[in-house]
Amino acid sequence: MIHTPDGPVYSRFVEDTIYRLPDVQTVMAYAVRTNEGEPSQLVVAVKPREDALDLARFAGWVAEKFEAHERPAFLRILDAVPLSYGYRPQKRALRDEGLSG
């Protein structure tokens with residue numbers, strides 16, 4: 001669970017919902033703090049299929065499927081997904097990069 005300024009958000013729900021978009025290959029939802037001592041912001045990192053993500057379609061999907069407090073504050077488009085030795089996506093690597101990645 002991510003504690004955002006507007007309320008709690010379940011990252012698994014966000015990921016499962018965004019996975020339904022046909023042009024999304026991989027999605028990871030995680031928290032990043034923009035300032036120390038403030039609540040976290042929801043970030044969604046997406047690896048598109050075939051390097052194409054229709055941003056207008058994505059924004060429409062997010063607006064339709066999520067309540068206002070569940071919508072990501074930031075979107076990262078990934079060329080590659082950091083993987084663990086077991087080939088699982090590593091949110092920690094993205095989280096550690098913060099918003100500079």
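Which residues are exposed on the other side of H2? Ala56 and Glu64 are exposed there (over 50% relative accessible area, against under 20% for buried and in between for partly exposed, with a 1.4 Å probe and protein chains only). The structure is a predicted model, in which local features need pLDDT of at least 70 and side-chain atom pairs count only at pLDDT 80 or more, whereas totals for chains, interfaces and linings use all residues. Residues are numbered from 1 along each chain as its sequence is written, and side-chain values use heavy atoms, with hydrogens and water left out.

The chain contains three helices and five strands, taken as DSSP runs (H or I, at least four residues, for helices; E, at least two, for strands) and numbered from the N terminus. Along the sequence these elements follow the pattern β-β-α-β-β-α-β-α. The radius of gyration of the chain is 13 Å, close to the 13 Å given by the globule rule for 101 residues, so the chain is as compact as a globular protein of that length. This radius is taken over C-alpha atoms, and the rule is 2.2 Å times the number of residues to the power 0.38. Along the principal axes, the C-alpha atoms fill a box of roughly 40 × 35 × 20 Å. Of the 101 residues, 39% are buried. Among contacts (heavy atoms within 4.5 Å) with a separation of 6 or more, 61% are accounted for by residues 24 or more positions apart.

In helix H1 (residues 11-18), the buried residues are Ser11, Val14, Glu15, Thr17 and Ile18. They cover an arc of only 165° around the axis, which puts them on the same side of H1; the arc is that of the directions from the helix axis to the C-beta atoms. The cover over the buried residues of H1 includes strands S1 (2-4), S2 (7-9), S3 (24-32) and S4 (41-48), together with helices H2 (55-65) and H3 (91-97).

Within H2, the buried residues are Phe58, Trp61 and Val62. Viewed down the axis of H2, its buried residues fall within an arc of 95°, so they line one face of the helix. The buried residues of H2 pack against H1, S4 and strand S5 (74-77).

The loop between S4 and H2 holds alanine 52. At 43% relative accessibility, alanine 52 counts as partly exposed.
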